[in-house]
Amino acid sequence: MTCKDCNKGVPPEIAQLSKDRYGILLCKRHLELVDRIVEENQTPIEAIQLFYALKEAGANPMLEWWDGHKSVDIAISRVKLNIEIETDYHLITHEQAINDLEEAMHSFKNGFTTVRIPHVVVKYYLDATVKNILGIIQGLKSNLKVI
Ligand SMILES: [Zn+2]
């Protein structure tokens, strides 16, 4: 049993704890690191799972990246892609909707692309989610070349 982040061996009790908490195998150091990030940002568990799946796929993601205005759940900085995991999308209010639109405007102005993914999509279709994000990265990369 090795840590999904650093590949170091993980003792069974830590492995169990991290699996119960995030569904991912992490060593004590990385479990504490993720715990701190989650505590500071209210990061959804699906963001942690997607982050590690993207990392495994070689996408070089960053967890809770500060974009200058707010913390983004997952960022792929080399193609300026921000990924937000939506946990309360079905309860969206009109204030939230206009705030999202304004946020999207700022992102686009700064050359960022923001993708919002409902948490259930990560939960039930993790592989397909990763595949689609890799496709988005590919698309952004070829667009960047043109500029
Ligand atoms: Zn580790």
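**Helices, burial and domains**

Mentor: Just after α3, Gly-58 takes a positive phi of about 80 degrees. Bear in mind that this is a predicted model, in which local features need pLDDT of at least 70, side-chain atom pairs count only at pLDDT 80 or more, and totals for chains, interfaces and linings use all residues. Residues are numbered from 1 along each chain as its sequence is written.

Trainee: What makes α2 a helix of the expected span?

Mentor: Helices (H or I, at least four residues) are DSSP runs, numbered from the N terminus, and α2 covers residues 28–41, which is 14 residues. The expected span of a helix is 1.5 Å times one less than its number of residues; α2 reaches 20 Å from its first C-alpha to its last, close to the 20 Å expected.

Trainee: Why is the span of α3 said to agree?

Mentor: Its twelve residues should span 16 Å at 1.5 Å a residue, and the end C-alpha atoms of α3 are 17 Å apart, which agrees.

Trainee: Which residues of α2 are called buried?

Mentor: A residue is buried if 20 or more other C-beta atoms lie within 10 Å of its own, exposed if 12 or fewer, and partly exposed in between, with C-beta atoms placed from the backbone. In α2 the buried residues are His-30, Leu-31 and Val-34. They cover an arc of only 105 degrees around the axis (the arc of the directions from the helix axis to the C-beta atoms), and therefore lie on the same side of α2. Arg-36, Glu-39 and Glu-40, on the other side of α2, are exposed.

Trainee: What covers the buried residues of α2?

Mentor: The cover includes α1 (12–22) and α3 (45–56), where contact between two residues requires that their C-beta atoms, placed from the backbone, lie within 7 Å.

Trainee: What are the domains of the protein?

Mentor: Domain bounds come from an automatic or database domain assignment, which here gives domain 1 (1–41) and domain 2 (43–146). The contact between them takes eight residues from domain 1 and eight residues from domain 2, and α2 gives the most to the side of domain 1 that touches domain 2, with four residues.

Conventions. Helix = DSSP H or I, 4+ residues; strand = E, 2+ residues; numbered from the N terminus.
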